[in-house]
Amino acid sequence: ASVELTEEVVVVATKPLVKMDLTATTSIVGDDVISQLPVAEVQDILRLQAGVVVSAGGDIHIRGGRANQVAYQIDGVPVTDVYDGSSTINVNQNAVQELQVISGAFNAEYGQAQSGVVNLVTKDGNNNFAGNIQAYSGDYVSDKTDIFSNVEDVSPVGIRNIEGSLSGPILKDDLFFYVNGRYYFNSGSLYGQRYYLISDRAIEDPQTQQLNVQQSGDKEYVSMNESETVYGQGKVTYRLFQGLKLSYNFLIEQRDYK
């Protein structure tokens, strides 16, 4: 029940310039900032943070530490690969509500990490239905034809990305959903010519000892680093009481390299 006060109560608090109990450096990026950045991957957002370096292979290094010294979390749940220390699951940047990068002498609550912690908070649904869809395409272009083979063969859809999301209520004020999906294809930037097939053989002449190698290939240009990736995420949130929420989050990812 509502309670009416006879007099107005004003509470004033000032933020301290130095927090004595804060031992770690924390960088927080919200979805309002992410939506304005020209980025397509979460790694692109991490690259913009101080002390974070992303290698050409996608490995993340924080403050000079090794790639396996970073702990990854999604909604507070650890998703670090115990084999090589990388993240076992990738999240689309449009599905990120908040990105937290904790580096330095972080608190004891963050275990299994030496150089930093990356925590992704995913989006929830609400009482309003909302959707988003975006797409882009392109290709690699260069005048260095002596280095890059077949680069003059430009395809407008050599690189294509399609992503969409939908959120809304299942039961108003109580149960909500959020789904996100993405398809990404990259034809690659490195090409080679098909001179040989796996059925070709090398035959040595017993008299001249000359080696004759069969060449049954059609000499067509073939991409050497083509990739295709499908992402999917779904989240169901149940609001209990006083802002307490119970969420079930599932993510899928499939990658194919040729």
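Reader: Why is Phe177 called buried?

Author: Happy to explain, and keep in mind that this is a predicted model. Phe177 has a relative accessible area of 17%. Buried means under 20%, so Phe177 is buried.

Reader: And what makes Phe129 count as exposed?

Author: The relative accessibility of Phe129 is 61%. The label exposed applies over 50%, so Phe129 counts as exposed.

Reader: Why is the pair of Phe129 and Phe177 called tilted?

Author: Start with the distance: their ring centres lie 6.4 Å apart, and rings pair within 6.5 Å. Next comes the angle, with the planes at 55°. Under 30 degrees would be stacked and over 60 edge-to-face, so this pair is tilted.

Reader: How do you know that this pair links distant parts of the chain?

Author: Phe129 sits in the loop between strand E7 and strand E8, while Phe177 belongs to strand E10. The two are 48 residues apart.

Reader: What makes Tyr248 and Phe250 a tilted pair?

Author: The centres of their rings are 6.2 Å apart, with the planes at 40°. That angle falls between the limits of 30 and 60 degrees, so the pair is tilted.

Reader: Why is Phe250 called partly exposed, and Tyr248 exposed?

Author: Phe250 has 42% relative accessibility. Tyr248 has 55%, and exposed means over 50%, so Tyr248 is exposed.

Terms used: Residues are numbered from 1 along each chain as its sequence is written. This is a predicted model: local features need pLDDT of at least 70, side-chain atom pairs count only at pLDDT 80 or more; totals for chains, interfaces and linings use all residues. Side-chain values use heavy atoms; hydrogens and water are left out. Rings of Phe, Tyr and Trp (its six-membered ring) pair if their centres lie within 6.5 Å; planes under 30 degrees apart count as stacked, over 60 as edge-to-face and the rest as tilted. Helices (H or I, at least four residues) and strands (E, at least two) are DSSP runs, numbered from the N terminus. Buried means under 20% relative accessible area, exposed over 50%, partly exposed in between (1.4 Å probe, protein chains only).
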